[in-house]
Amino acid sequence: MEPEPLQNGDSAPSAPVPAPPSKMSNLEESLKLEHQFLKVPFEHLKKSMRVNHRMVEKEMSAVMLTVAEVSDRDMSREEAVHHLTSLVSRLQGLKRKLEESNKTEQLQAQRCRARLDHLGMLQVGNQREWSDIRVKRILVDYMLRLSYYNTAIELAEHSNIQDLVDVDVFLEAKNVIDALQNKEVAPALAWCAENKSRLKKSKVYDIPVVHVRSKLEFELRQQEFIELVRAKNSMQALAYVRKYLAPWGSTHLKELQHVVATLAFTSDTECEKYKVLFDAKRWDCLVEQFKQEFCRLYGMSLEPLLNIYLQAGLSVLKTPYCYEEDCTKEDPLSQESFRKLASSLPFSKQHHSKLVCYISKELMDVDNPPFVLPNGYVYSTKAMADMAKKNGGKITCPRTGLVCNFTDLVKAFIC
């Protein structure tokens, strides 16, 4: 079909203007930071599928074994009906479990799809809105890692970003963390058993580390043994060593010998080498170790995302001047919390000094040169001109209160 000719006064539809290359490259770089955003729900879905697959295999193997045993036996009609009824009931239970599992997998697959769609929505035109959602995601991640679960859930629901955050994953960890804080290792050991194969294949920076057995289980077993020793159940403790700790002897012999030697001591011993094993702070260490293993398992960063993004900004601002007594309060690194966060960061390499106006917070350069007041303080031309205009040519220094005329200012030059 031939296109209709344009009438008088009509104009050809304008083609969409492509985004500048610099902005597109910024968007691409921004998306590179979203590895965890996609990795976590995908790993969660894979875990659910593995658990469901093992459940089906276990149940079907039990059913087939029962059928084989029954078929080889002579039984009455009543016994046969009883066995068949039992098998049907078991299969119906399996069906219900599969239906529930299917719903869970569909929700997790929906979460993966929602996150892919969310990343695909990032364009130059909606970057501000997309960035606002990212900030909320980062805040939810931070609160979940610090165990502010209720606040994180409320923020996610209020912002309608439930599919874009990992609340359910962190709630799974919460059960184990709460148990460890109550000095119970059973949930943590169950978690280790459930994820045994995955813990052996943990990845560091996406590089598989195969055949490396997680040490978390060994640390948990040690702590359970120490609690038996603390309670003076020596015989039970020895039986525990033979059953649970002895298999670790080939890889952790020295540590095993060290912990078993606590049988010769009491929990109030003053021998420093063994006193530390009875220290209650070991439970806090187990909590931190579990958190690290949990994050590695799901491909999460060990540090909260908020800390990582803040450190990226602080790495540009950190200079030796930030640690001097006369550091301005406007500098984030004048605050102790930010200094602690930036402690491991190198100083920023500054080729040229930059002067920022105390009043307007704008850069002082050739287009906005600095003016020097009689008391020696320096402010930008724009800030001084605005102040003089509002106050009839008078200038008041915001730091010392000195009042002078605009004509008393001296222009400074930046080399």
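How exposed is K291, by relative accessible area? I looked this up and found that K291 is partly exposed, with a relative accessible area of 24%. I used these classes: buried is under 20% relative accessible area, exposed is over 50%, and partly exposed lies in between, with a 1.4 Å probe and protein chains only.

**Basis of the entries**

I worked on a predicted model, in which local features need pLDDT of at least 70, side-chain atom pairs count only at pLDDT 80 or more, and totals for chains, interfaces and linings use all residues. I numbered residues from 1 along each chain as its sequence is written, and side-chain values use heavy atoms, with hydrogens and water left out.

**Salt bridges, overall**

I counted a salt bridge where a side-chain nitrogen of Lys or Arg lies within 4 Å of a carboxyl oxygen of Asp or Glu.

**Helix 13**

I then examined the partner of K291, which is E288; their side chains form a salt bridge at 3.9 Å, N to O. Both residues belong to helix 13 (residues 281-298) and stand three residues apart, about one turn of the helix. Helices here are DSSP runs (H or I, at least four residues), numbered from the N terminus. E288 is partly exposed, because its relative accessibility is 42%.

**Helix 9**

I found E227 and R230 joined by a salt bridge of 3.1 Å, N to O. The two residues lie three residues apart in helix 9 (residues 216-230), about one turn of the helix. E227 has 24% relative accessibility and therefore counts as partly exposed. R230, with a relative accessible area of 29%, is also partly exposed.

**Helix 4**

I looked next at R145, whose salt bridge with D141 has its closest N and O atoms 3.0 Å apart. Helix 4 (residues 127-145) holds both residues, four residues apart, about one turn of the helix. R145 and D141 are both buried.

**R198 and its network**

I traced a network of salt bridges that links K39, E43, K46 and R198. R198 is placed in helix 8 (residues 196-199). Why does R198 count as buried? Its relative accessibility is 10%, so R198 falls in the buried class.

I also checked the surroundings of R198. A polar atom of the R198 side chain lies 3.3 Å from the backbone oxygen of L297. Leaving aside residues up to four places away in sequence, R198 touches E43, K47, R50 and L297, where contact means heavy atoms within 4.5 Å.

Notes: Polar contact = N/O pair within 3.5 Å; in protein donor to acceptor, adjacent residues only side chain to side chain.
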